[in-house]
Amino acid sequence: MGCDIVTVSTDTQFSHLAWQRSEKELANVKYQMGADPTGKVSRMFGVYDEDTGLDLRGTFIINPEGKLLNTEMNFYNLGRNIDEMMRKFKANIYMSKKTNEVCPSKWKDEGDKTLVDPGAKMVGKVHEALNT
Amino acid sequence: MSDTCTVLKLGQIVPDFELTTYDPVKGDFGKFSLRDQIARERWCILFFYPADFTFV
């Protein structure tokens, strides 16, 4: 199942081009860089800072039906952990295929312990379910 | 108006939106739309950041 990553800021596409071509750290960038100079899309996602005209560090995972499944937002001075973002993304894909399973906090990748059919029988028995 | 209140709720269908993009692979400008993503059955990750030419 394919995925597209789109980075978005309130800069224009012209600025994105100039930045990507001049910054060596971005030499291998493969994703599209979205331009939202009016802040319209940024406002919809609640990341637009009216005082500065800039976007906060928000990440959103949207499934192929257009449903919003995950959101994370950091203030300007804290970078995001890509490993955690990928963990959430993998977990969402996994659960879209195994709809009777849920991924606990320690889940990292396919093959790790999940909880199957969490229901009445698991109430008060999560420890046992996680450790058997 | 509140600065950072997330308008969208988890689990909801995101209203369609469109962005003009710069695509480094093609070296050209392009378009991204949620409608296209849904039509092509693809996941997407939106990654907002403050500004180009800063320390992301």
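This is a predicted model: local features need pLDDT of at least 70, side-chain atom pairs count only at pLDDT 80 or more; totals for chains, interfaces and linings use all residues.
User: ok, what's the mean pLDDT of chain A?
Analyst: The mean is 93, and 99% of the residues of chain A reach 70 or more; pLDDT is the predictor's confidence in each residue, from 0 to 100.

User: switching to the contact, how many residues does each chain put in?
Analyst: Chain A gives 51 residues and chain B gives 40, with two residues in contact if their C-beta atoms, placed from the backbone, lie within 7 Å.

User: which element supplies the largest share on the chain B side?
Analyst: That's β3(B), with six residues. By type, the side of chain B that touches chain A has 27 nonpolar, eight polar and five charged residues. Here Ala, Val, Leu, Ile, Met, Phe, Trp, Tyr, Cys and Pro count as nonpolar, Asp, Glu, Lys and Arg as charged, and the others, Gly among them, as polar.

User: what's the strand order in the open sheet?
Analyst: Its seven strands run β6(A)-β5(A)-β3(B)-β1(A)-β2(A)-β1(B)-β2(B), with mixed pairing; two strands pair if DSSP finds at least two bridges between them.

User: which strands stand at the edges?
Analyst: β6 (68-74) of chain A and β2 of chain B do; each has a single partner strand, so one side of each is left without a neighbour in the sheet. From one strand to the next, the twist averages 25 degrees.

User: how many bridges does β3(B) make with β5 of chain A?
Analyst: Four, in the antiparallel sense, with strand β5 of chain A covering residues 57-62. In that pairing, A:Phe60 has B:Leu46 as its bridge partner. Elsewhere, β2(A) and β1(B) run antiparallel, joined by three bridges, and A:Met33 is partnered with B:Tyr22 there.

User: what does B:Leu46 touch?
Analyst: Not counting residues up to four places away in sequence, B:Leu46 touches A:Val6, A:Val8, A:Phe45 and A:Phe60.

User: how many residues are in the largest nonpolar core?
Analyst: That core has 19 residues, and B:Leu46 is among those with the most contacts inside it, along with A:Val8, A:Phe45, A:Ile62 and B:Phe48. The largest share, five residues, comes from β3(B). A nonpolar core is a set of buried Ala, Val, Leu, Ile, Met, Phe, Trp, Tyr and Cys residues joined through C-beta atoms within 7 Å.

User: last one, is B:Asp28 buried or exposed?
Analyst: B:Asp28 is exposed, because 11 other C-beta atoms lie within 10 Å. The cut-offs are 20 or more for buried, 12 or fewer for exposed, and partly exposed in between, with C-beta atoms placed from the backbone. B:Asp28 sits in strand β2 of chain B.

Definitions and conventions. Residues are numbered from 1 along each chain as its sequence is written. Chains are lettered from A and ligands numbered from 1 in the order in which they are written. Helices (H or I, at least four residues) and strands (E, at least two) are DSSP runs, numbered from the N terminus. Axes are lines fitted to C-alpha atoms, for helices over the stretch in contact, and angles run from 0 to 180 degrees between N-to-C directions.
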